[in-house]
Amino acid sequence: MGLTYGWVIDPVDFFDLTPDTLRADYKADYVLMVAETYRTEQDPGLAARRLAIFGSQSPSAIASQGLEYARANGFADSDIALIQELVTALQAWSGIQ
Amino acid sequence: MKRIPFDIIITLLIGLGLGLAYSWLISPLRVVDADPIALRADFKDNYRSAIAASYAATGNLPRAQARLSLLGDASSIDTLNSQAQRLIASGEFTQADQLVALANALENGTSLISDATSTSESAVTIITASTATLPPPLPDIPFQFTETPQLIETQAPVTQSVVSNPTPRPTRTLIPTVGAPFTLIAQDSVCDANLPNGLLQVLVFNSKRRQVAGAKIIITWDNGEEQFFTGLKPEVGNGYADYVMSPNITYTLRLAVGSDIASGLTAPTCQTPSGETFLGGIKLTFQQP
């Protein structure tokens with residue numbers, strides 16, 4: 001009964017969450033935003049900083065996950081190309097400025 | 001008379017308590033698949049900045065609107081302006097400019113995503129995607145986009161989201177135009193002994209008579225130039241900025257985004273009712289036609 005109440009009827013209210021808890025499509029869309037901006041700014045350091053809100057994973061790993069999701073879920077080719085460009089840039093970026 | 005089964009009741013209560021302790025404290029429901037609306041305020045700020053930066057890069061307003069609606073702000077325009085003011089105060093002018101530009105674009109008559117229809121009953125995820133590969137916008141004409149967002153509907157597996165949120169639907173794409181230069185609609189001398197001497201007050205309004213935060217103002221004089229911004233004193237007004245003029249110096253002022261030039265600005269000499277003289281101020285009002 002206690003478990004039913006605590007997990008189903010009145011679970012702990014969640015707010016003030018961190019970005020790593022976001023649903024995969026929102027994460028991918030965030031990566032796309034960063035990729036759209038990167039296309040203009042051409043600054044991998046800034047893109048890496050924007051992606052850092054997802055936690056301890058490397059920026060290129062975060063971007064790669066976004067790319068995987070985009071490919072698997074029918075994102076437009078233009079968007080996939082943008083994310084691909086970001087992934088490539090971040091893989092080449094050393095992080096040392 | 002039947003005896004109350006205290007032992008059973010106590011056992012049940014202990015079980016209930018242990019269950020609650022386990023489900024609330026030891027192993028609470030794991031948070032996955034959260035919506036952006038549930039993010040902490042500072043992460044929402046990051047999300048908003050990313051949206052504004054993306055809009056600055058692509059000029060895709062419907063997509064920016066759809067993304068902003070995920071954050072659940074009561075008024076996206078006010079939230080963007082307010083965040084811009086905080087960024088200006090901390091010296092992050094580029095980000096602030098992007099937020100203000102997005103707020104202005106939203107305000108200038110292109111509020112298209114007002115029909116965000118809830119699709120909660122069928123757990124359908126709608127992903128916006130553009131249909132064309134567009135080159136990056138030219139720097140001087142950042143809003144020349146005509147792409148149409150396309151809806152791709154995919155049946156998502158039923159998952160327990162923390163916060164259910166209507167899925168935004170992009171609608172038709174308008175082509176925003178670059179705003180007209182601001183016009184100097186009023187220039188008044190202010191003789192108020194309660195104000196600092198030589199106070200130059202500037203008010204900036206958009207075409208809908210709403211105050212514009214984050215507008216860069218350039219003031220020049222014989223030997224120098226300075227810049228300041230509206231919105232740093234939100235208690236006075238989002239579109240308010242001020243500057244203290246020195247006596248006997250003539251200033252020229254304009255808005256960086258393009259405006260009439262207010263020239264020959266000199267602090268006037270004023271008199272109190274008792275006959276004492278003091279340095280008065282000037283109030284300039286700019287508005288976009």
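1. A:Gln42 counts as exposed because 12 C-beta neighbours lie inside 10 Å, where the scale calls a residue buried if 20 or more other C-beta atoms lie within 10 Å of its own, exposed if 12 or fewer, and partly exposed in between, with C-beta atoms placed from the backbone. A:Gln42 sits in the loop between helix 2 and helix 3 (44-51) of chain A, and its phi is positive, about 55°, although the residue is not a glycine. Most residues other than glycine have a negative phi.

2. On provenance, this is a predicted model, in which local features need pLDDT of at least 70 and side-chain atom pairs count only at pLDDT 80 or more, whereas totals for chains, interfaces and linings use all residues. Residues are numbered from 1 along each chain as its sequence is written, while chains are lettered from A and ligands numbered from 1 in the order in which they are written.

3. Chain A contains 5 helices and 0 strands, in the order α-α-α-α-α from the N terminus on; here helices (H or I, at least four residues) and strands (E, at least two) are DSSP runs, numbered from the N terminus. Of the 97 residues in chain A, 38% are buried. Among contacts between residues at least 6 apart in sequence, 67% join residues at least 24 apart in chain A, a contact being a pair whose C-beta atoms, placed from the backbone, lie within 7 Å.

4. As to confidence, the mean pLDDT of chain A (the predictor's confidence in each residue, from 0 to 100) is 88, and 92% of the residues score at least 70. The lowest confidence in chain A falls in helix 1 (residues 2-9), with a mean of 75, and the highest in helix 2 (residues 24-41), at 95.

5. In chain B, helix 3 (residues 61-69) is mostly covered, with 9 of its 9 residues buried; among them are B:Arg63, B:Gln65 and B:Arg67. Helix 2 (residues 41-58) of chain B packs against helix 3 of chain B at an angle of about 175°, with the axes 9 Å apart, the axes being lines fitted to C-alpha atoms, for helices over the stretch in contact, and the angles running from 0 to 180 degrees between N-to-C directions. Helix 2 and helix 3 of chain B are therefore roughly antiparallel to each other, on a scale where angles under 35 degrees count as roughly parallel, over 145 as roughly antiparallel, 65 to 115 as roughly perpendicular and the rest as oblique. B:Ile51, B:Ser54 and B:Tyr55 of helix 2 meet B:Leu61, B:Ala64, B:Arg67 and B:Leu68 of helix 3. By class, this contact has 5 nonpolar, 1 polar and 1 charged residues (Ala, Val, Leu, Ile, Met, Phe, Trp, Tyr, Cys and Pro count as nonpolar, Asp, Glu, Lys and Arg as charged, and the others, Gly among them, as polar).

6. An open sheet of chain B has 4 strands in the order 6-5-8-9, with antiparallel pairing; two strands pair if DSSP finds at least two bridges between them. Strand 6 (224-229) and strand 9 (262-265) of chain B stand at the edges with a single partner strand each, so one side of each is left without a neighbour in the sheet. From one strand to the next, the twist averages 20°. Strand 8 (residues 251-255) and strand 9 of chain B pair over 2 bridges, and B:Leu253 has B:Ala262 in strand 9 as its bridge partner.

7. B:Glu225 lies in strand 6 of chain B and is exposed, with 10 other C-beta atoms within 10 Å. Leaving aside residues up to four places away in sequence, B:Glu225 touches B:Ile218 and B:Thr220. Its C-alpha atom is separated by 9.6 Å from that of B:Leu253, 28 residues apart along the chain.

8. Another open sheet of 4 strands in chain B has the order 3-12-4-7 and mixed pairing. Strand 3 (183-190) and strand 7 (240-244) of chain B are at its edges, each with a single partner strand, so one side of each is left without a neighbour in the sheet. Strand 3 and strand 12 (residues 281-287) of chain B run antiparallel and are joined by 7 bridges, with B:Ala186 opposite B:Thr285 in strand 12.

9. B:Asn248 is found in the loop between strand 7 and strand 8 of chain B. B:Asn248 has a positive phi of about 65° without being a glycine, and is exposed, with 8 other C-beta atoms within 10 Å.

Terms used: Two residues are in contact if their C-beta atoms, placed from the backbone, lie within 7 Å.
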